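Let's walk through this model together, one neighbourhood at a time. Have the sequence and the 3D view ready.

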Amino acid sequence: MRPRRFLPAGPLKGRIRVPGDKSISHRSIMLGALAVGETRVTGLLEGEDVLATAAAMRAMGATVERVGAGESGGEWRVSGVGVGALLQPEGPLDMGNSGTSTRLLMGLVASHPIAVSFTGDASLSKRPMGRVIDPLSEMGASFEASEGGRLPLIVRGATPAVPITYRLPVASAQVKSAILLAGLNTPGETTVIEPVPTRDHSERMLKGFGADLTVTVEADGTRIITIKGEAELKPQVIDVPGDPSSAAFFIVAALVTPGSEVVIENVGLNPTRAGLVEVLRQMGGQIEFLSEREVGGEPVADLLVRHSALKGITVDPAIAPAMIDEFPVLFVAASLAEGVTVTSGLDELRVKESDRLAAMAAALTLAGAAIEEREDGLVITGTGGAPLPGTAADAQVTTHLDHRIAMSMAVAGLVSSGGVEVDDTRPIATSFPNFEALLASLAG
């Protein structure tokens with residue numbers, strides 16, 4: 001355990017660049033490993049989750065190596081084996097804490113003639129995989145899972161796999177992506193019907209790598225995504241934009257810390273990921289887009305964020321899929337706002353790295369915020385800009401090995417009277433290894 005008390009440090013000032021987008025980083029390595037030729041990637045997020053994906057693709061035959069150094073962490077080169085040519089790994093694939101790696105790789109393996117054992121840490125081993133197992137089983141893959149459809153589990157791929165049309169019962173980009181990745185090596189057309197839109201990095205990147213993929217949007221907003229199997233992917237050169245989920249902590253920190261003015265460079269603003277910015281603007285947050293541009297099919301801008309007097313709102317549950325990972329830090333912003341913020345439709349947060357509703361309710365209450373926990377959301381009565389009291393000298397926030405709980409409560413510590421003690425900062429390395437250093441650089 002590595003506890004730390006995060007203390008108020010005055011206004012945040014300066015320019016920072018957050019690590020590369022985690023979703024795009026995972027997929028650039030996976031799809032590069034399935035293309036024939038060399039894919040080059042700059043700006044890759046070099047956190048433990050993405051490194052777990054890189055190690056898994058190496059174990060299945062791809063060459064994945066880092067070359068050089070630089071501001072964005074040097075360049076990664078991926079020499080792929082081709083769709084259908086993944087090799088049997090010699091041992092289990094250790095996914096660490098990465099649910100994205102696990103679910104997407106289960107999809108990849110499901111249509112290859114190999115059997116793969118997936119393991120993970122204590123937190124990942126509690127997360128249910130049934131929502132991925134069900135559609136992949138329909139495609140012909142077989143599974144031996146631990147009780148409740150959890151890790152460790154074994155996937156035996158089907159060859160040939162069977163194309164399916166699958167309507168997502170819950171909004172999940174990971175389930176959608178797993179099916180589409182399985183469809184890459186499945187003869188015929190595999191279709192996912194998505195009643196509620198989720199992040200679309202898989203669709204954008206599959207098309208970018210040359211897959212035959214179509215998206216049709218019906219009048220009611222339902223998206224029908226079809227991929228033609230036995231694809232041939234072409235290597236790409238990818239510059240990964242900054243992760244909006246990582247930028248979220250600094251956006252909120254600048255908004256709620258008096259006197260702050262921060263520029264966050266090169267942030268990905270994919271509309272399926274930008275829900276937090278929209279909600280914070282509704283609350284009165286001053287967030288400007290500078291130098292708007294497009295990089296690799298993804299919209300990008302620099303964000304100028306100034307301290308703002310936030311007001312509580314009722315958050316439309318329809319926006320939840322576009323900011324599902326950002327709710328923990330939104331709860332912090334709401335705790336400092338004037339009035340009441342109501343969130344609902346967040347059942348998905350109960351099956352993340354931790355039960356994020358319960359964990360954030362307990363953490364913020366410990367720090368002195370006024371929180372009501374409901375089945376599918378939190379109701380938060382803000383301080384109107386006054387600092388939170390902070391945690392008592394003998395009290396620690398329990399992070400449950402969840403990086404987003406740890407970082408969200410670090411932000412809460414900046415706007416508290418006595419600081420917030422986090423029980424373990426180690427999980428932050430899964431997604432944002434230099435988080436604490438960047439925070440210190442802005443505090444001067």
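In which crossing, left-handed or right-handed, does α9 pass α11? The crossing is right-handed, that is, the near helix is turned clockwise from the far one by less than a right angle. Before going on, please note that this is a predicted model, where local features need pLDDT of at least 70, side-chain atom pairs count only at pLDDT 80 or more, and totals for chains, interfaces and linings use all residues. Residues are numbered from 1 along each chain as its sequence is written, and side-chain values use heavy atoms, leaving out hydrogens and water.

Back to the helices (DSSP runs of H or I, at least four residues). The axes of α9 (residues 327–336) and α11 (residues 403–414), lines fitted to C-alpha atoms over the stretch in contact, come within 8 Å and cross at roughly 20 degrees. The two are therefore roughly parallel to each other, a label for angles under 35 degrees. Pro328, Val329 and Val332 of α9 make the contact with Arg404, Ser408, Val411 and Ala412 of α11, where contact means heavy atoms within 4.5 Å.

Next, look at the loop between α5 (173–183) and β11 (189–194), where you will find Thr186. Thr186 has a relative accessible area of 0% and is buried (under 20%, 1.4 Å probe, protein chains only). Leaving aside neighbours within four places in sequence, its contacts include Ser111, Met139 and Glu230.

Finally, four strands (E runs of at least two residues) form an open sheet in the order β6-β7-β9-β8, with mixed pairing. Strands pair if DSSP finds at least two bridges between them. At the edges are β6 (93–94) and β8 (142–146), each pairing on one side only. β6 pairs with β7 (residues 115–119) in the parallel sense over two bridges, and Asp94 has Thr119 of β7 as its bridge partner.

Note on methods: Axes are lines fitted to C-alpha atoms, for helices over the stretch in contact, and angles run from 0 to 180 degrees between N-to-C directions. Angles under 35 degrees count as roughly parallel, over 145 as roughly antiparallel, 65 to 115 as roughly perpendicular and the rest as oblique. Buried means under 20% relative accessible area, exposed over 50%, partly exposed in between (1.4 Å probe, protein chains only).
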